[in-house]
Amino acid sequence: MAAPLWPLHGVNLGTLLRTCDAVGACLAVPRFPWVPEALRRGNTLRRPACVHWVHDPPGWLARERAAGTRVVGVELAEEAVRLADLPAARGRTIAVLGHEQTGIPPEVLDLLDSVVEIPMVGTGASLNVAVAGSLVLYKLAGLL
């Protein structure tokens, strides 16, 4: 499951929703007023998409983790695993994607089981949510 719980740009949500469909995953999004319309505009799928609505991201992640779901954050961190070394998911897994400018909120970091980073050689500090989420989802699905 991809979880861009602090989205900045609506266009990225539709793109990530299509990637979720491609790898057999669901999308978890916050109940911000603009998100339903962003998903409708970006969804080019011919069948209903799997979308979970999250009202309280930290609480939802804590409940999912307590139920045995593996929670992987996509974030720059000292203990992060390089994307190439990320093993495929063997069970229910959530890939948490932070805000495109500020990342995953500090109060959520303790809810992560592991952190993955996407190596970059350019001068940018991050990729957009759709690109980063797509790379991680394909790796978790065992398709890369």
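**Close-up 1. The salt bridge between glutamate 64 and arginine 92 in the predicted model**. The side chains of glutamate 64 and arginine 92 come together in a salt bridge, with a nitrogen-to-oxygen separation of 3.0 Å. Glutamate 64 counts as buried, since its relative accessibility of 14% falls under the 20% limit, while arginine 92, with a relative accessible area of 45%, is partly exposed.

**Close-up 2. The salt bridge between aspartate 113 and arginine 65**. Here the closest N and O atoms of aspartate 113 and arginine 65 are 2.7 Å apart. Aspartate 113 is found in the loop between α4 (106-109) and β7 (114-117) and arginine 65 in helix α3, so the pair ties together parts of the chain that lie 48 residues apart in sequence. Aspartate 113 is partly exposed, its relative accessible area being 38%, and arginine 65 likewise counts as partly exposed, at 33% relative accessibility.

**Close-up 3. The salt bridge between aspartate 85 and arginine 82**. In this pair, the closest N and O atoms of aspartate 85 and arginine 82 are 3.9 Å apart, and the contact is a salt bridge because the cut-off is set at within 4 Å. Aspartate 85 has a relative accessible area of 51% and is exposed, just as this value lies over the 50% limit, whereas arginine 82, at 42% relative accessibility, counts as partly exposed. By the rule applied here, the model holds four salt bridges, among them the pairs of glutamate 64 with arginine 92, of aspartate 113 with arginine 65 and of aspartate 85 with arginine 82.

**Close-up 4. Helix α1 (residues 10-23) and the elements that cover its buried residues**. Helix α1 has 14 residues, which at 1.5 Å a residue should span 20 Å, and the 21 Å between its end C-alpha atoms agrees with that expectation. The buried residues in α1 are Gly10, Asn12, Leu13, Gly14, Leu16, Leu17, Thr19, Cys20 and Val23. The cover over the buried residues of α1 includes the strands β1 (2-4), β2 (27-30), β3 (51-54) and β6, together with the helices α2 (35-42) and α5 (129-140).

**Close-up 5. Glycine 24, following helix α1**. After α1 comes glycine 24, whose phi angle is positive, near 80 degrees.

Technical notes:
Residues are numbered from 1 along each chain as its sequence is written. This is a predicted model: local features need pLDDT of at least 70, side-chain atom pairs count only at pLDDT 80 or more; totals for chains, interfaces and linings use all residues. Side-chain values use heavy atoms; hydrogens and water are left out. Buried means under 20% relative accessible area, exposed over 50%, partly exposed in between (1.4 Å probe, protein chains only). Helices (H or I, at least four residues) and strands (E, at least two) are DSSP runs, numbered from the N terminus. The expected span of a helix is 1.5 Å times one less than its number of residues. Contact means heavy atoms within 4.5 Å.
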